[in-house]
Every structure is written in C-alpha cells, then in structure tokens.
Amino acid sequence: PEQAVPILREVLASRDECSVELRRRAVFILAQPDAEASVDILLDLAHRNPDPDPDVREQAVFWLHQVDSPEALEALEAILAESADPALQERAIFSISQRSDERAIAVLRGFAERADAPRELRERAIFWIGQSDSAGGATYLIELYPRLQDDELRESALFGIAQSGGAEARQWLFARARDTAEPIDVRKDALFWAGQMGGLEIGDLRGLYETLNGPEMKEQVVFVASQDGGT
C-alpha cells in the first residue's frame, strides 16, 4: 500500500476527460489499504480540491465511510458542514449513518436538528436515524418530533418511527392520530403508519372514529380498518 499510494495520487492528479475512468478505478483501489494518506487524498477529491467528475467525487465520499478511522469521520463531517453540493452532502449523511460510534451518531443527530440546514438533507438524516437502533431509532425521533417546526420534517419523523417498529412506536403514532392539535395531514399519516405496523385493535379504531367530526379522518380510519393491520 505504501508504494501504491504515490502512483494512485499521480493518476488522480490528472483532471482531463480522458482519464475519468482511470480516476474512478483509482479511487476504489485507494480506499482499500485503510491508510491515513488515503483519507487525505479522498478528502481532496471530494471537497478541498474537488474532482471535476461527479462520480469520482461521490465515490470518494462513499469510500471515506469504508476507511474506519477518526480522520475519515472528520472528513465526512467537514463535507457535511462545508460543501455546497447537496449530492455530496447526502452521500456524507449516508456514510456517517453507517457508523455506530458515538461521534458519528452525534453528528447525524446534530444535523437532523439543524434548523438552518436544507430540509431535504435533514429528511435524509432523519430517515437513517429511523433505520438505526444505535442512533436511537424511534426513541430518539419521538424525542426530536416536538422540536421539528416543519410539517414535512415531522412526516419524515413519523415514517422513521414506524420503520423502527415496536409497540411503543405504534402507540405513540396512534396518539398523534388522536391529537386534534396536529395538522390533519400529520394525523392521517400517523394513523396510516400505525396501521401498517400491525397490532391496532379494532376497538381503538372504533373509539377514534366516534370522536371525529370531519370526513377526512373518518375516511382514513375506515381505510386503516380495511387493511390487515387493523382487522
């Protein structure tokens, strides 16, 4: 690996169109030795001195996840905080989400909470938190939910909570469906995802139906009751 890195660095220094495929292969090979020098080159390609080819940039971010070192996580965090390329930032979010160490979890959660970050990227962070027990899953998203001011982010949190599964998550979603302070679309989504998780009692659905006045939620209750999870 020590002998290969200088050669790969030379290949990657060429930025002409004819060498694009070579550079893509070089990024793949470079990521394999798990060397600190590789992290520095990958960070250059992805962020500090970005390669003109988007595939090379995105592969560099992806392989930073494969390099299991504190330096790689620092590089991913820098890309997430400083890059102006949403595609690269989304790759960075994914790569960070695949790590289970405390620092990675803190970075992922911190980005999900950032009110000044683009909504679409916060949605991706929320999604990956919902997929990861180590990142807190439903428990963390339930705690985060009241602090989300955007309805679309709240809907993303509902989905993440449903994906985490469990009786507590289902009960929490059903409580949101019953909460008249919530927007109607959020209530409908919460009821839908609670139904998709299975385990809702028909008596609970009947009780909810009897408290409703408007047709939208009544129709949603009928729909959920017609599915396997609500019968």
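Does Glu 21 count as buried, exposed or partly exposed, and at what relative accessibility?

**View 1. Glu 21 and Arg 24 in helix 2 of this predicted model.** With a relative accessibility of 41%, Glu 21 counts as partly exposed, and Arg 24, at 23%, also counts as partly exposed. A salt bridge joins Glu 21 to Arg 24, and their closest N and O atoms lie 3.7 Å apart. Because the two residues are three places apart in helix 2 (residues 20-31), about one helical turn separates Glu 21 from Arg 24.

**View 2. A salt bridge between Glu 77 and Arg 103.** The side chains of Glu 77 and Arg 103 meet at 2.5 Å, taken from N to O. This pair links distant parts of the chain, since Glu 77 belongs to helix 5 (residues 70-82) and Arg 103 to helix 7 (residues 102-113), 26 residues apart. Glu 77 is partly exposed, with a relative accessible area of 25%, and Arg 103 is partly exposed, with 45%.

**View 3. A salt bridge between Asp 150 and Arg 119.** Here the N to O distance is 3.1 Å. Asp 150 sits in the loop between helix 9 (137-144) and helix 10, while Arg 119 lies in helix 8 (residues 119-131), so the pair ties together parts that are 31 residues apart in sequence.

View 4. If its neighbours within four places in sequence are left aside, Arg 154 is in contact with Tyr 145, Pro 146, Leu 148 and Glu 182.

Definitions and conventions:
Residues are numbered from 1 along each chain as its sequence is written. This is a predicted model: local features need pLDDT of at least 70, side-chain atom pairs count only at pLDDT 80 or more; totals for chains, interfaces and linings use all residues. Side-chain values use heavy atoms; hydrogens and water are left out. Contact means heavy atoms within 4.5 Å. A salt bridge is a side-chain nitrogen of Lys or Arg within 4 Å of a carboxyl oxygen of Asp or Glu. Helices (H or I, at least four residues) and strands (E, at least two) are DSSP runs, numbered from the N terminus. Buried means under 20% relative accessible area, exposed over 50%, partly exposed in between (1.4 Å probe, protein chains only).
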